[in-house]
Amino acid sequence: MLDLSRVQKELTECNKDTAVSGVTLSLNGSDLTHLAGTITGPLGTPYEGGVFHIDIKLPSGYPFEPPKMQFITKVWHPNISSQNGAICLDILKDQWSPALTLKTALLSLQALLSAPAPDDPQDAVVAQQYLRNHPTFVATAKYWTEAFAKTASIGIEQKVQKLVEMGFPEALVRSTLEMVNGDENMALEQLCSG
């Protein structure tokens, strides 16, 4: 049985020091089993300056079962699928412990961006590039960060205009963009899914 009071406590705790930690946690709608996380790209990495959105689903056995996490933001990394955002990280599988929290998991994802493990890849193509042609890997990862994780560079009004031109009501567009921290791609997904 999902411990809802723990989830509420974790939401509050995680967001106390976001300026320092670089991670946030929020509800994805009103369901406490579906959350949205963000992590900032670590300094000195190709992901620096990016904001990466993570979809988090809590199984009924949480905290005794690990959360299901998946990158929504496209990222070029050996341990994250460039196709669907699936993550290869031991604490999200067999190394999970009820002592860990969602914030710990998000911080672990942030650390994974700093220290890829190409010998245990989620995306074999990216892992091969990381091992065989590191300068190209770094350039590609930086390009993907610019293209997909730095959506803040486009002003909010431009995003609103683009989505309204697609036929969505302006008030709904604004509230949806606010809910997903200005991520245009996530907002479009939310708007299309009803």
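Reply: **Helix packing**

In this predicted model, helix H4 (residues 124–132) packs against helix H5 (residues 134–149) at an angle of about 125°, and their axes are 5 Å apart. Helices here are DSSP runs of H or I with at least four residues, strands are E runs of at least two, and both are numbered from the N terminus. The axes are lines fitted to C-alpha atoms, for helices over the stretch in contact, and angles run from 0 to 180 degrees between N-to-C directions. H4 is therefore oblique to H5 (under 35 degrees is roughly parallel, over 145 roughly antiparallel, 65 to 115 roughly perpendicular, and the rest oblique). H4 brings Val-126, Gln-129, Tyr-130 and Arg-132 to the contact, and H5 brings His-134, Thr-136, Phe-137 and Thr-140. Contact means heavy atoms within 4.5 Å. By class, three of these residues are nonpolar, four polar and one charged. Ala, Val, Leu, Ile, Met, Phe, Trp, Tyr, Cys and Pro count as nonpolar, Asp, Glu, Lys and Arg as charged, and the others, Gly among them, as polar.

A word on the ground rules. Residues are numbered from 1 along each chain as its sequence is written, and side-chain values use heavy atoms, with hydrogens and water left out. Local features need pLDDT of at least 70, side-chain atom pairs count only at pLDDT 80 or more, and totals for chains, interfaces and linings use all residues.

Next comes H6. The axes of H6 (residues 156–165) and H8 (residues 184–192) come within 11 Å and cross at roughly 30°. So H6 is roughly parallel to H8. On the H6 side, Lys-159, Lys-162 and Leu-163 take part, and they meet Glu-184, Ala-187, Leu-188 and Leu-191 of H8. This contact has four nonpolar, no polar and three charged residues.

H6 also packs on H7 (residues 170–179), at about 130° and with 9 Å between the axes. H6 and H7 are therefore oblique to each other. The crossing of H6 and H7 is right-handed. From H6 come Ile-156, Glu-157, Lys-159, Val-160, Leu-163 and Val-164, and from H7 come Glu-170, Val-173, Arg-174 and Leu-177. The classes are six nonpolar, no polar and four charged.

UniProt positions are given in the numbering used here, feature names are shortened, and annotations may be inferred rather than shown by experiment. The chain over residues 157–194 is 74% helix and 0% strand, with its end C-alpha atoms 22 Å apart. The unreviewed entry also lists "domain: UBC core" at residues 2–150. That span is 36% helix and 15% strand, and its end C-alpha atoms lie 34 Å apart.

Now for single residues. The unreviewed UniProt entry lists Cys-88 as "active site". Cys-88 sits in the loop between strand S4 (68–71) and helix H3 (102–114). Its relative accessibility is 14%, so Cys-88 counts as buried (buried is under 20% relative accessible area, exposed over 50%, partly exposed in between, with a 1.4 Å probe and protein chains only). Leaving out residues up to four places away in sequence, Cys-88 touches Asn-79, Lys-93, Leu-112, Asp-120, Pro-121 and Gln-122.

Trp-96 is in the loop between S4 and H3. Trp-96 is buried at 10% relative accessible area. Its contacts include Tyr-62, Pro-63, Phe-64, Asp-90 and Ala-105. The bond from Tyr-62 to Pro-63 deserves a look. Most peptide bonds are trans. The one from Tyr-62 to Pro-63 is cis, with omega near 10°. Pro-63 lies in the loop between strand S3 (51–57) and S4.

Arg-6, in helix H1, touches Tyr-62 and Pro-63, along with Pro-98, Leu-100 and Thr-101, not counting residues up to four places away in sequence. Arg-6 is buried, at 19% relative accessibility. Glu-13 is in helix H1 (residues 4–14). At 38%, Glu-13 counts as partly exposed. Glu-13 and Leu-25 are twelve residues apart in sequence, and their C-alpha atoms are 9.3 Å apart.

Conventions
Left-handed = near helix turned anticlockwise from the far one by under 90°.
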